[in-house]
Amino acid sequence: LVINVGAPKGCSRLQQRIGRSNHRLDEPSEAVLVPANRFEALECRAAIDAVAENAQDTPPLRTGALDVLAQHILGRAVGAPFLPDELFEEIRAAAPYAALGRADFDAAVDFVATGGYALKAYERFAKIRQGKDSRWRVTHPRVAQRYRMNVGTIVEADMIKVRLVRSRRSGAVVPRGGRILGEVEEYFIETLTVGDTFVFAGEILRYEALVEDEAYVSRADATDPKVPAYEGGKFPLSTYLAARVRALLAKPEAWHALPEQVREWLEIQKWRSMLPRAGDLLVETFPRAAKYYLVCYPFEGRLAHQTLGMLLTRRLERARLRPLGFVANEYALAVWGLGDVAWRIANGDLSLAQLFDEDMLGDDLEAWLAESALMKRTFRSCAIVAGLIEKRFPGEEKSRRQLTISTDLVYDVLRKHQPDHILLRAARADAATGLLDIKRLGEMLSRIKGRIVHKALDHVSPLSVPVLLEIGRETVYGEASDTLLAEANLWPTELISYFGD
């Protein structure tokens, strides 16, 4: 028996998991689905119905990545000298690269041969050269040796040691020493700022500093600590299943198959607010605990919602609505701050159509990516796959710190001197399809154009409860933080303590 805790995220994934319960052709596989909240109960019901119909939610085919292309080109040279025309046609015979343009292929070959325009002065990046017979071959046997030691397209998530230290006073140096509590992914540590709290090893900890590959923490007392997130657990809700959940939500006659508590929840939502139609975006606004909330229900998965939250808070900050933070789950996004969004909408000072306009994926997205650590981390992975940065050498292995310094330096040089470098393009494409789900967010913004429904409430709605109970909030630093500090009448020394160094 398979026990699936939480929602399955897709009907194909659910069938694959159920199939693990036995491997006998003449016996049915069995599973129990255990939803963690009412939204997940809806998703489980939609997935079970889809399985009964033998429906599949296979994701769309992905375009072949440029960093993988670069690794393959070097691999072919390691195997035997190659002719570029022959290799180009061979690569285009693979479905993911069927639409590969000759200019991109030539740029990939040039990258392997020189490192690209901005790096060609450095001999270490020259790995292949073209002979008089027009064939490309490796420049030195060491190149082949290092290739074989580093080949592969799976880049392991870097782990950061969590070391317990005494809490420091404002301006004091972080004390060294202390015992190791365990390890968390670098991805999670990058989401923290000094002073944030999180649950780990059975304790509530305060993040003090990151020193090389160790995160220094101290014991703390907090009511809403974050919970470490791991990239391997961030499966997105499939587009197909999301559409089925939206359809189920908008179809009361189909609710008879749902548990009684879920039916009651939806009925109360219908009475106190409204239920979104399948193609609409419902946006609710309400006050709570001296703050103002905006909650929307795109049903496009956590990754797309987190990107939307980051971009929306930038726009709300510009509109002087002083956002404080946001939280996202697979179904909804909640943003809260000190400005009354509903009042601004009622007075015509704020347009939801403009707030959710597709143009947020232009300058807003570029500005956010430029100042976030996400692009550098994505670039590091692409640089390792493409062979620009080698992690393993004969008799040694580069540390996380060495890799970070190397890739960060190269990233800054390329952004300044060759912004169209093949690896920067690969990193943007990787972030867009994986970490940010930009394509799906763009499709959602296009779908809801002219179909945004606003409901101003004076209290929390039933539909918003699951997302408001989420832990792991993203803090937004801006005018709202300054306002809260001014109201608290903090002295300069206390400001340092509040924000950290």
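**Exercise 1. Is Arg-451 buried, partly exposed or exposed, and how does Arg-451 pair with Asp-280?**

Solution. The model is a predicted one, in which local features need pLDDT of at least 70 and side-chain atom pairs count only at pLDDT 80 or more, while totals for chains, interfaces and linings use all residues. Residues are numbered from 1 along each chain as its sequence is written, and side-chain values use heavy atoms, with hydrogens and water left out.

Step 1. Apply the accessibility classes: buried means under 20% relative accessible area, exposed over 50%, and partly exposed in between (1.4 Å probe, protein chains only). With a relative accessible area of 38%, Arg-451 is partly exposed.

Step 2. Examine the pairing, where a salt bridge is a side-chain nitrogen of Lys or Arg within 4 Å of a carboxyl oxygen of Asp or Glu. Asp-280 and Arg-451 form such a bridge through their side chains, at 2.9 Å from N to O.

Step 3. Locate the partners in the helices (H or I, at least four residues) and strands (E, at least two), which are DSSP runs numbered from the N terminus. Asp-280 belongs to the loop between helix H9 (260-272) and strand E10 (281-288), and Arg-451 to the loop between helix H17 (438-447) and strand E16 (452-456), so the pair ties together parts that are 171 residues apart in sequence.

Step 4. Asp-280 is buried at 6% relative accessible area, whereas Arg-277 is exposed at 54%.

**Exercise 2. Describe the salt bridge between Arg-45 and Asp-49.**

Solution. Step 1. The side chains of these two residues meet at 3.0 Å, N to O.

Step 1. Both residues belong to helix H2 (residues 38-52) and stand four residues apart, about one turn of the helix.

Step 2. Arg-45 is partly exposed at 21% relative accessibility, and Asp-49 is partly exposed at 28%.

Step 3. In the whole structure, a search finds 23 salt bridges.

**Exercise 3. Characterise the surroundings of Asn-329.**

Solution. Step 1. Asn-329 occupies the loop between strand E12 (323-328) and strand E13 (333-337). Its relative accessibility is 2%, so Asn-329 counts as buried.

Step 1. A polar atom of the Asn-329 side chain lies 2.9 Å from the backbone nitrogen of Tyr-331.

Step 2. Contact means heavy atoms within 4.5 Å. Leaving aside neighbours within four places in sequence, the contacts of Asn-329 include Gly-301, Arg-302, His-305 and Glu-470.

**Exercise 4. Which residues have the most contacts inside the largest nonpolar core?**

Solution. Step 1. A nonpolar core is a set of buried Ala, Val, Leu, Ile, Met, Phe, Trp, Tyr and Cys residues joined through side-chain atoms within 4.5 Å.

Step 1. The largest core has 77 residues, and those with the most contacts inside it are Ile-73, Ile-128, Phe-356, Phe-379 and Leu-388.

Step 2. Not counting residues up to four places away in sequence, Phe-379 touches residues including Leu-388, Val-410, Tyr-411 and Leu-424.

Step 3. Another core, of 39 residues, lies apart from the largest one; Leu-14, Leu-248, Leu-275 and Val-327 are among its members.

Conventions. Polar contact = N/O pair within 3.5 Å; in protein donor to acceptor, adjacent residues only side chain to side chain.
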